[in-house]
Amino acid sequence: MSDTIELLEAIGQNATLRHASVDELAPILEQAKASAALKSAVAAGDSSLLSEEFGHKPNRAPQISNAPGHEEDEPDHDGDDKPPHPSDPGHSPPHKRTPHEQ
Amino acid sequence: MKRAWRAPPRRKTIAPVHSSTIKLPYYQAVSTPTLPPSNDARCGSLACVGMGMTLGSHLTPLARSHIEQADVVFAALSDGIVELWLQRMHPDVRSLQPYYAEGKSRMVTYRQWVDLMMTEVRAGKNVCGVFYGHPGIFAWSPHKAIEMARAEGFKAHMEPGISAEDCLYADLGIDPGRFGCQHFEASQLLFYERRIDPAGYLVLWQVGLVGDLSLKRFSTGPAYRQALVDVLSADYPLDHEVIVYRGATLPIQKPRVRRMALRDLPGAELTAEETVVLPPGTPLKQNRAMRERLATLDKEASIA
């Protein structure tokens, strides 16, 4: 049986496979000796069936449950909901407080 | 036509190059005096990189290199299987997922993430924080950790990734430059007085947990979405079509796209990962006074 993570990586990197239909992908997975879980997930169009192989791995989606509208929750915030100033990406000097921050 | 499956080629790993081993071209070697070792940056570093949205498809070579060259990798990813993929790239991947908990403020979780990364940076390690999509979009911890690392004199860098927003434009065929495009975390429209421009696209993130002041829930209900619809109805008719979108995180998935009337949004099932798009509701209105002013300027410049 082929390694499912490697197979997923191969599908993700291949322009033909990434956008292949179920009918096109099924014989390729068969030839590659894909796991039963991967074959059934592709056939059903339901990636949750991969849990048969990897267990149930529900992840919170950090990027979209991280709320920039609530930064007043920060202890160092002044509560005025002022937009923060971006940091300088070019270097990493020790931080110096500006008069506005003091 | 049958295509044989081939495993992805193993990448050649190249040992990090130290500046002392770089041979400069003669014109630099002759004219540039040898500099003493810099004391500006302390030992230890932080790189926050994006994993992109779809396994195998979006990880950039540079982000992968940051991961492979790190001493320790922290991961906040959208899918447990993507996390397994990341573990193939580095022997010490530490998941940040266990720090989430129902009933626990997400800000507490995000501060813990910053502390975890900074503890290793301060210990002199080269740390890589891997976040799904783009590490700087709807992600408090990477920005905060980089700010903190720089303030303490460490090298810190953010490496962009393909974000949910990028996928949304491609999958829905939207060009944000055509009519303009506003993005809001949906709760901002309830907590603050914001000005919506219905002549452009409106993209609302985290509608599934809109109105959650506690930061302790991962979803709110129809009554909260009704409050959002009430705000939006000031600028859009209730029969205005909205698009509910979710991008693919695994390469065997297709994007999920649902269309419905604005009035039906409260009753629709919505996950935290789904994004709501409102196409323009009014046509662009010409600014006649400004056009006349520009015409005058053109005439003066003799290019009309």
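Colleague: What pattern does chain A follow, read along the sequence?
Modeller: This is a predicted model, in which local features need pLDDT of at least 70, side-chain atom pairs count only at pLDDT 80 or more, and totals for chains, interfaces and linings use all residues. Residues are numbered from 1 along each chain as its sequence is written, with chains lettered from A and ligands numbered from 1 in the order in which they are written. Chain A has five helices and zero strands, where helices (H or I, at least four residues) and strands (E, at least two) are DSSP runs numbered from the N terminus. Along the sequence, the pattern is α-α-α-α-α.

Colleague: Which residues of helix α3 of chain A are buried?
Modeller: A residue is buried if 20 or more other C-beta atoms lie within 10 Å of its own, exposed if 12 or fewer, and partly exposed in between, with C-beta atoms placed from the backbone. Helix α3 of chain A spans residues 22-31, and its buried residues include Leu25(A), Ile28(A) and Leu29(A).

Colleague: Which helices of chain A do the buried residues of α3(A) pack against?
Modeller: Two residues are in contact if their C-beta atoms, placed from the backbone, lie within 7 Å. The buried residues of α3(A) pack against α2 (15-18) and α4 (36-44) of chain A.

Colleague: Is Ala63(B) buried or exposed?
Modeller: Ala63(B) lies in helix α2 (residues 61-69) of chain B. Not counting residues up to four places away in sequence, Ala63(B) touches Val49(B), Gly50(B), Glu159(B) and Gly161(B). Because 23 other C-beta atoms lie within 10 Å, Ala63(B) is buried.

Colleague: How many residues of domain 1 of chain B are in contact with domain 2 of chain B?
Modeller: The domain assignment of chain B gives domain 1 (41-162) and domain 2 (176-278), with bounds from an automatic or database domain assignment. Their centres, taken over C-alpha atoms, are 27 Å apart. Domain 2 of chain B contributes ten residues to the contact, and domain 1 of chain B contributes 16.

Colleague: Which helices of chain B each supply at least two residues of the side of domain 1 that touches domain 2?
Modeller: That side of domain 1 of chain B touches domain 2 of chain B. The helices are α3 (80-87) and α4 (106-122) of chain B.
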